[in-house]
Amino acid sequence: MEKGPFSVEWLAQSSRGTGGRQSPAVGPPLQTPLSVLAAAPRDREAAGRSSSPGQGAQGAGGAAPGRPRTKFSAAQLRELERSFREHRYIGAGEKRRLAAALNLSQSQIKTWFQNRRMKFKRQTQDAR
């Protein structure tokens, strides 16, 4: 009896290159060696440390590797803060306008507003 497409047996056969037309081979299931599994997390940590020296531990909530922190100029911050005072949630049109005027990406503008709202929330909670 032939198994339908996407059954476990069919996928196992197709990954072995048998085309799914032969009866399933009996044998031990394919397993990843423990040495590969044990080495993988250490390798990722080492790669993270070597790719961004001086950035601290990546596992401690750091930014994506290779992406430096954006440093906003005083003029950019003034304009962003002015816009935040007018409205805490930025619309698509205002986001495009600010991005063009401040030479930043729309993603940077969106992230700045998200972070600024969280700062505002912390400040208002601390004031209570």
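This short talk walks through the salt bridges in this structure. Keep in mind that the model is predicted.

Some background to begin. Side chains of opposite charge can pair when their charged atoms come close. How many salt bridges does the count come to? The count comes to 5. I will take some of them in turn.

Start with R82. One of its partners is E79, and the closest N and O atoms of the pair are 2.6 Å apart. Where do they sit? Both are in helix α3, which covers residues 74–86. They are 3 residues apart there, so about one helical turn separates them. R82 itself is partly exposed, at a relative accessible area of 27%.

R82 also forms a salt bridge with E86. Here the closest N and O atoms are 2.3 Å apart. This pair is 4 residues apart in helix α3, so again the separation is about one helical turn. E86 counts as exposed, because its relative accessibility is 51% and the cut-off for exposed is over 50%.

Now widen the view. Salt bridges with shared partners join E79, R82, E86, E94 and R97 into one network.

Next, another pair: R116 and E81. Their side chains meet in a salt bridge, at 3.0 Å from N to O. What does this pair tie together? R116 lies in helix α5, residues 106–127, and E81 lies in helix α3, so the bridge links parts that are 35 residues apart in sequence.

Is R116 buried or exposed? R116 counts as buried, at 13% relative accessibility. E81 counts as partly exposed, at 21%. The two fall on either side of the line because buried means under 20%.

Key
Residues numbered from 1 in each chain as written. Predicted model: local features only at pLDDT ≥ 70, side-chain atom pairs only at ≥ 80, totals over all residues. Heavy atoms only, no water. Salt bridge = Lys/Arg side-chain N within 4 Å of Asp/Glu carboxyl O. Helix = DSSP H or I, 4+ residues; strand = E, 2+ residues; numbered from the N terminus. Buried < 20%, exposed > 50% of the residue type's maximum accessible area, 1.4 Å probe, protein only.
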